[in-house]
Amino acid sequence: MLLCIKSGIADMKTFKIDSSPEAVRRSVENATKILDGKKKIDLFGCARVDQNVPIEDTMKVLQDLVDEGKIGGIQLSEVKAETIQRAAKVAKIDMVEAEVSLWATDIFENGVAETCAQLGITVVAHTPLGAGMLTGHIKSLADMPANDHHRYFPRFQPENFQKNLDLVVELSKLADIKGCTTAQLALCWIKSRSKTPGMPVIIPVFGARSEERVKENTKEVDLTVADLKVIDNILDSFPVAGHRYPVAAAKLAEY
């Protein structure tokens, strides 16, 4: 089991980030204390880039922590290609976390995927099912749990919801033809991108509350060149409406 920990958020109410060397060390020490020797931190990094601290300073302390044996490796999250390149000049980056899905294809267009491939960095795709939208089970906001914060995200707002639902409906039609669920189609599409020349290894991570759901979401679906072309056409015909994050949270992401 790999244990990956993100930190760096000094205040959730104000979305204040602190990636200073001192704060990074405190975070690692606190996590290590909580683990109490039961598990080593395999990968550690900051949840977002601190605009007040040069990325080089953060990478330097993380590399020191690797050298000291306190963490096994370094991860970055929601960073642009330029930041990855700068960080890689200071320390070995083992993983970049990014939102990747059929309605979050940014890394294939902004140089992040290409940069990770060039540097041999694995990409972990978070929210690969679009916060549940790409499962095909969400037909309205009423289908989302009341405590799901994603319901307040732009893509789930009335002016965008139906447009994005239209995209899912079209994807579901292809899933039916392939004899799979829409979720399986979405996850295997990400895996197919990982097999494309010039792309990095991309690992989708999804949440599951049952053994059955884990088995369902890990089923392999063979997507042919023709299938991928159909998906491309669907994405072109039904562009995603709305930003990935609300305004306050969007300021913390680099794209």
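Asp 64 is partly exposed, at a relative accessible area of 24%, where partly exposed sits between buried (under 20%) and exposed (over 50%), using a 1.4 Å probe and protein chains only. Its partner is Lys 60: the two side chains meet in a salt bridge, 3.0 Å from N to O. By salt bridge we mean a side-chain nitrogen of Lys or Arg within 4 Å of a carboxyl oxygen of Asp or Glu. Lys 60 is also partly exposed, at 45% relative accessibility. Both residues belong to helix H2 (residues 55-67), and because they are 4 residues apart there, about one helical turn separates them. Helices (H or I, at least four residues) and strands (E, at least two) are DSSP runs, numbered from the N terminus.

A word on what you're looking at: this is a predicted model, in which local features need pLDDT of at least 70 and side-chain atom pairs count only at pLDDT 80 or more, while totals for chains, interfaces and linings use all residues. Residues are numbered from 1 along each chain as its sequence is written, and side-chain values use heavy atoms, with hydrogens and water left out.

Back to the charges. Side chains of opposite charge can pair when their charged atoms come close. The count here comes to 16 salt bridges. One of them joins Lys 92 to Asp 94, with the closest N and O atoms 2.6 Å apart; Lys 92 is exposed at 55%, whereas Asp 94 is partly exposed at 25%. Shared partners also link Arg 25, Glu 68 and Lys 70 into one network of salt bridges. Lys 70 is partly exposed at 38%, and so is Glu 68 at 40%.

Now for the cysteines. The structure holds 0 disulfides, a disulfide being a pair of cysteine sulfur atoms within 2.5 Å. Take Cys 180: its closest cysteine sulfur is in Cys 188, 7.2 Å away, so the two are too far apart for a bond. Cys 180 counts as buried at 10% relative accessibility, and Cys 188 counts as buried at 4%.

Out on the surface, Met 12 is exposed, with a relative accessible area of 55%. Met 12 lies in the loop between strand S2 (9-11) and strand S3 (16-17). Another loop, between helix H4 (112-119) and strand S7 (122-126), holds Gly 120, which is exposed at 61%. Gly 120 and Glu 29 are 91 residues apart along the chain, and their C-alpha atoms are separated by 29 Å.
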